[in-house]
Amino acid sequence: MSGDGKGENTCCLLVDNGSKRAEATLSLRRVAAAVSGSVGRTVEPVSLLHSSGVDAGELGGVPAEIFEPFVSRQAEEAGMRKFLILPLFFGPSVAIGGYLEGRVKALREKWPDLEVTVAPWMVDTADVEDTRMARVLLDLAENEADARGWERPGLALVDHGTPQRPVNEVRNFLAGQLAGLAGERFQKVAACSMERRDGAEYDFNEPLLENLLGTEGFEREVVLSMLFISPGRHAGPGGDIAEICEEAEAKHPGLRTAMTDLVASHDQLIEILVGRY
């Protein structure tokens with residue numbers, strides 16, 4: 001929002017949307033610690049919302065940090081006025097472009113000289129030469145296929161689903177890169193979403209995962225490339241996507257599905273975030 005955000009008097013934050021599950025905050029902390037080690041300065045793990053509802057006992061006794069109270073405390077107690085935000089988001093989420101900007105505006109009512117710089121998203125659809133995130137997804141997918149002994153499974157890149165077309169374009173951009181990088185390793189590559197809003201104006205989220213499973217190329221072994229960063233109620237064991245897969249397997253005899261590890265588990269994520277820094 002202003003400046004380059006990398007001066008000595010700048011507080012750097014790795015920011016995610018937040019989750020009511022402890023695993024997400026612990027994942028955010030691990031990634032922030034790894035980025036800190038790479039850039040040689042402290043990068044604070046901070047969520048926009050939700051994570052304050054997690055019992056500190058599940059977080060090693062240290063409560064999760066939430067953006068607005070964290071920045072307020074830094075400004076009040078440490079006199080900090082400059083902040084650099086590293087978004088732990090694949091693309092242009094309204095959580096950053098809308099919610100965070102609104103919180104910054106509110107904070108400036110008390111501290112008019114507050115400066116907040118937001119680094120680029122993890123995926124830039126204008127940079128077709130940068131295939132690092134697609135390679136992360138492919139590596140995770142190949143690992144899952146190899147672990148199960150599947151020779152040429154289908155590969156479904158699945159995201160949450162969004163009302164924002166630019167966010168959906170990131171999904172499709174990565175699916176195109178995945179298809180190009182995968183070669184003959186997977187029988188077929190397609191993008192899909194976990195869910196969508198009603199109305200024709202949100203048709204760009206199609207196909208939904210539940211409708212893709214069982215179709216040609218996705219009727220037997222299918223690896224789900226999880227376009228999710230950290231564990232939560234959607235991704236991981238017992239989550240919404242696991243339930244969709246269980247229902248699809250019951251509906252389509254012979255269908256077997258397997259979810260990849262999440263993006264935060266891959267070391268290459270750190271390199272991407274350091275580059276954005």
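Which residue forms a salt bridge with Asp 130?

## The Asp 130 pair

The partner of Asp 130 is Arg 276, with the closest N and O atoms 3.7 Å apart. A salt bridge here is a side-chain nitrogen of Lys or Arg within 4 Å of a carboxyl oxygen of Asp or Glu. Asp 130 sits in the loop between strand E4 (115-118) and helix H4 (132-148), while Arg 276 belongs to helix H8 (residues 268-276), 146 residues apart. Helices (H or I, at least four residues) and strands (E, at least two) are DSSP runs, numbered from the N terminus. Both residues of the pair are buried. Buried means under 20% relative accessible area, exposed over 50%, and partly exposed in between (1.4 Å probe, protein chains only).

## The model

This is a predicted model, in which local features need pLDDT of at least 70 and side-chain atom pairs count only at pLDDT 80 or more, while totals for chains, interfaces and linings use all residues. Residues are numbered from 1 along each chain as its sequence is written, and side-chain values use heavy atoms, with hydrogens and water left out.

## Other salt bridges

The whole structure holds 13 salt bridges. One of them joins Arg 103 and Glu 68, with the closest N and O atoms 3.1 Å apart. Arg 103 lies in helix H3 (residues 94-107) and Glu 68 in helix H2 (residues 67-78), 35 residues apart. Arg 103 is partly exposed at 25% relative accessibility, and Glu 68 is partly exposed at 24%.

Arg 152 and Glu 184 also meet in a salt bridge (3.5 Å, N to O). Arg 152 is partly exposed, at 42% relative accessible area, whereas Glu 184 is exposed, at 62%.
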